[in-house]
Amino acid sequence: MTDIRRLIPRTDAVLADPDFTAPLTKFGRARVKAAVNEAQRLAREGVITPDDVPAAALAALAGTGPRRVVNATGVLLHTNLGRAPLPAAAVEALAVAAGTTDVELDLATGRRGRRGRTALAALAAAVPGAGAVHLVNNNAAALVLAATAFAGGKEIVISRGEMVEIGDGFRLPDLLVSTGARLREVGTTNRTSVDDYAAAIGPETGFVLKVHPSNYRIEGFAGTPGIAELAGVCREAGLPLVADAGSGLLRPEPLLPDEPDAATWLKEGADLVTASGDKLLGGPQCGLLLGRADLVERLRRHPLARALRVDKLTLAALEATLTALTAGGHPVADALHADPVRLRRRARALAARLTDAGIPASAVDSEARVGGGSAPGVTLASAAVALDEALAGPLREGDPAVLGRVEHGRCLLDLRTVAETGDDELFAVVVAACR
Ligand SMILES: *Cc1c(COP(=O)(O)O)cnc(C)c1O
């Protein structure tokens with residue numbers, strides 16, 4: 001015991017090491033000293049060796065803040081990795097928005113301006129069929145706001161086939177009921193008819209809710225009325241039809257024919273469409289509310305809207321994301337549309353480089369997915385580099401971390417979710433992981 005204590009490097013000696021110069025500047029002396037002291041304590045207890053004290057302290061300091069992860073899972077929208085990676089233009093906009101900006105100021109007149117007006121205008125321009133648009137913190141918040149404003153103390157008519165759990169124990173029905181609205185369930189799990197809706201509508205109804213069951217599919221004897229049919233019933237009853245599209249497509253995407261999009265649903269008669277900003281739209285986390293101007297205005301004016309409002313960072317990132325959707329440089333769209341032939345070529349080249357470096361690797365065909373609770377059952381032809389399964393752990397702990405997919409005893413690095421410019425880095429990280 002005494003021997004070990006004597007071998008533990010002294011705090012001053014550790015802090016004088018040039019490796020600690022940058023951390024001292026970044027974190028300040030007190031914080032770095034605390035990390036060293038903690039590492040010394042671990043050494044005293046025999047958890048680490050005395051020699052490892054500096055490295056342990058540096059590792060603890062490096063472990064602060066989010067760590068970059070290369071998404072090589074082939075899942076485009078990986079919930080555990082923060083869903084959509086933002087376009088570079090959105091990252092630039094975030095840097096500007098981080099300072100003081102004109103988020104609520106009209107620079108031409110010097111007067112207060114509508115908060116986030118350029119972002120809202122960009123969204124409105126992207127969905128011309130929407131009479132007005134509003135933004136909240138996520139799609140769940142959009143539904144809470146609609147339920148509170150239009151069905152507080154009243155009923156929301158919803159099909160039993162659309163009472164979905166979105167993930168991580170988050171259930172849409174529970175969320176809706178938490179606002180004080182009551183659910184009027186209609187139909188059955190597999191089938192609901194337009195007459196079921198019509199029969200349930202009455203003086204207690206606040207609105208009719210259509211939910212796109214994003215993350216699962218019922219096949220076989222199943223069916224629910226489409227937006228156009230429901231819109232007819234709602235129009236007759238003078239009630240709003242609110243439609244939760246989930247994935248955030250603004251226009252039809254030929255590769256995902258079963259995913260709803262805001263433009264089509266509005267054209268078919270939905271009064272209000274809600275969607276997420278960080279799924280297929282590929283932007284920051286936010287909730288989109290698009291539709292009839294009078295309804296959007298009521299939502300905007302509701303007291304709860306203030307509690308759900310998005311910050312300036314979100315507004316800036318969303319606006320740049322919408323521009324990138326048409327201008328290019330949009331990671332989610334790029335990954336979705338990547339050419340499988342090109343992906344295979346990249347996989348072969350990377351596997352060959354690794355093999356040359358003495359690392360067993362092969363190029364294999366793979367199936368990528370949209371993920372993030374979107375487009376269940378859709379697979380996208382892709383290509384991957386197959387490595388020894390034992391590399392999955394070291395890759396995950398690398399810098400940057402690389403998350404692959406372990407399948408049939410191999411670790412697959414699917415290139416559909418890796419930007420083409422990321423292949424060199426991937427090569428370097430795999431080489432480092434093998435050491
Ligand atoms: C993902 C999803 C939600 C939740 O959206 P968040 O933006 O994560 O709050 C709600 N409804 C549907 C249909 C979804 O797919």
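Helices (H or I, at least four residues) and strands (E, at least two) are DSSP runs, numbered from the N terminus. The model shown is predicted, and residues are numbered from 1 along each chain as its sequence is written. Local features need pLDDT of at least 70, side-chain atom pairs count only at pLDDT 80 or more, totals for chains, interfaces and linings use all residues, and side-chain values use heavy atoms, with hydrogens and water left out.

**Figure 1. The protein chain as a whole.** We count 19 helices and 18 strands in the protein chain. Its C-alpha atoms fill a box of roughly 85 × 55 × 50 Å along the principal axes. Of the 435 residues, 46% are buried (buried is under 20% relative accessible area, exposed is over 50%, and partly exposed is in between, with a 1.4 Å probe and protein chains only). The chain exposes about 20900 Å², and carbon and sulfur atoms supply 53% of that (accessible areas come from the Shrake-Rupley method with a 1.4 Å probe; for residues, only the protein chains shown count as cover). Take the contacts between residues at least 6 apart in sequence: 73% of them join residues at least 24 apart (contact means heavy atoms within 4.5 Å). The domain assignment gives domain 1 (8–62), domain 2 (69–82 + 334–434) and domain 3 (88–328), with bounds that come from an automatic or database assignment. Between the C-alpha centres of domain 1 and domain 2 there are 35 Å.

**Figure 2. The shell around the ligand.** Arg83, Asn138, Asn139, Ala140, Ile166, His212, Ser214, Asp244, Gly246, Ser276 and Lys279 surround the ligand (a residue is near a molecule or strand if one of its heavy atoms lies within 4 Å of it). Sorted by class, this shell has 2 nonpolar, 6 polar and 3 charged residues (Ala, Val, Leu, Ile, Met, Phe, Trp, Tyr, Cys and Pro count as nonpolar, Asp, Glu, Lys and Arg as charged, and the others, Gly among them, as polar). Look at the oxygen atoms of the ligand next: one is 2.9 Å from an N or O atom in the side chain of Arg83, and a polar side-chain atom of Ser276 lies 2.7 Å from an oxygen atom of the ligand. On its own the ligand has 380 Å² of accessible area, and the protein covers 94% of it.

Figure 3. Arg83 sits in the loop between β2 (75–77) and α6 (88–97). Its phi is near 55 degrees, a positive value in a residue other than glycine. Most residues other than glycine have a negative phi, and most peptide bonds are trans. Arg83 counts as partly exposed because its relative accessibility is 22%. Ala140, by its place, belongs to helix α8. Setting aside residues up to four places away in sequence, Ala140 touches Phe170 and Leu175. Ala140 and Leu172 are 32 residues apart in sequence, yet 8.0 Å apart in space, C-alpha to C-alpha.

Figure 4. Find Glu162 in the loop between β6 (155–159) and β7 (165–167). Why does Glu162 count as buried? Because its relative accessibility is 2%. Its side chain reaches the backbone nitrogen of Val211 at 2.8 Å. Not counting residues up to four places away in sequence, Glu162 touches Leu172, Tyr197, Leu209, Lys210, Val211 and Thr224.

Figure 5. The peptide bond from Asp399 to Pro400 is cis, with omega near 0 degrees. Pro400 is in the loop between α18 (392–396) and β16 (401–403). Further along, Glu407 lies in strand β17 (residues 405–407). Glu407 is partly exposed because its relative accessible area is 28%. The side chains of Glu407 and Arg405 make a polar contact (2.9 Å); a polar contact is a pair of N or O atoms within 3.5 Å, where, within protein, one must be able to donate a hydrogen and the other to accept it, and residues adjacent in sequence count only if both atoms are side-chain atoms. Glu389 is 18 residues from Glu407 in sequence and 8.3 Å from it in space, C-alpha to C-alpha. His408 lies in the loop between β17 and β18 (410–414), and its phi is near 45 degrees, a positive value in a residue other than glycine. With a relative accessible area of 72%, His408 is exposed.
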